[in-house]
Amino acid sequence: MAIAQLKASPDPGGGLARIFLAICPPQPIRAALTRYQNTCAWNRGVALVSLAKFHITLYFIGEVERQRLAEIRQALKIPFTPFDLKLDRPELWARGIAVLRPSELPGEFLTLQDSLSKRVHELGLRMEKCDLRPQLTLARDSCGAIRPKQKPEMVWPVDHYALLESRLNSPAPYKGLQKYSHTGQVAGLYR
């Protein structure tokens, strides 16, 4: 499973892995996001995010020793209440980053994020500073883009999250390491 590009570790196959937790939209939401992208008037140099890379980061952990990945995969399984995330707020950020954000965050989202934060601390993992505004990136280098007049209103049912590895110098910049069900069970490996 590929997810939106982040700066990856310069050690793609060595002793360190650069990891993060994210929610990844189901196929119908990915298709709706692509349709929305296609209704925007993008500038010439835009870099659109592909539907396979759509995600919202819950928690960016950063570099960890690969020998700890099995332990980390097991420890990050946390039950949570499924929720709907409404993507209804398009924004154009500095340096032309076009995003969709929820105008309101469900309490269940915040509870999941808080639970994962506590678990990461319990594991003694270092946290990387990141933007606390959950967003789904649609495009980069999109200065001057014109959004459609119609406001997007995609309702994304969230019942799982994933542990992913960011790998910059790889044909697949993101490698899915583990998928977690809302029941707190490991829901399988991403391939």
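This is a predicted model: local features need pLDDT of at least 70, side-chain atom pairs count only at pLDDT 80 or more; totals for chains, interfaces and linings use all residues.
Helix α1 comprises 13 residues, 27-39. At 1.5 Å a residue, these should span 18 Å, and the end C-alpha atoms lie 19 Å apart, which agrees. Within α1, the residues I29, R30, A32, L33, Y36 and Q37 are buried. They cover an arc of only 160 degrees around the axis, so they fall on the same side of α1. An α-helix has 3.6 residues a turn, and residues three or four places apart therefore point the same way. The other side of α1 carries P28, R35 and N38, which are exposed. The packing partners of the buried residues of α1 are the strands β2 (47-48), β4 (83-93), β5 (97-102), β6 (136-140) and β7 (154-158).

Attention now turns to the aromatic residues. Six aromatic pairs occur in the structure. In one of them, the ring centres of F20 and F60 are 5.9 Å apart and the planes meet at 20 degrees, so the pair counts as stacked. Because F20 belongs to strand β1 (residues 16-23) and F60 to strand β3 (residues 56-65), the pair ties together parts 40 residues apart in sequence. F20 and F60 are both buried.

For F80 and Y161, the ring centres are 5.8 Å apart and the planes are at 55 degrees, so this pair is tilted. It links distant parts of the chain, with F80 in the loop between α2 (69-75) and β4, and Y161 in strand β8 (residues 160-166), 81 residues apart. Both F80 and Y161 are buried. Ring pairs also join F80, F83, F109, Y161 and Y180 into a cluster.

A further ring contact involves a charge: the charged end of R133 sits over the ring of W93, 4.1 Å from its centre.

How values were computed:
Residues are numbered from 1 along each chain as its sequence is written. Side-chain values use heavy atoms; hydrogens and water are left out. Helices (H or I, at least four residues) and strands (E, at least two) are DSSP runs, numbered from the N terminus. The expected span of a helix is 1.5 Å times one less than its number of residues. Buried means under 20% relative accessible area, exposed over 50%, partly exposed in between (1.4 Å probe, protein chains only). The arc is that of the directions from the helix axis to the C-beta atoms. Contact means heavy atoms within 4.5 Å. Rings of Phe, Tyr and Trp (its six-membered ring) pair if their centres lie within 6.5 Å; planes under 30 degrees apart count as stacked, over 60 as edge-to-face and the rest as tilted. A charge sits over a ring if NZ of Lys or CZ of Arg is within 6 Å of the ring centre and within 35 degrees of the ring normal.
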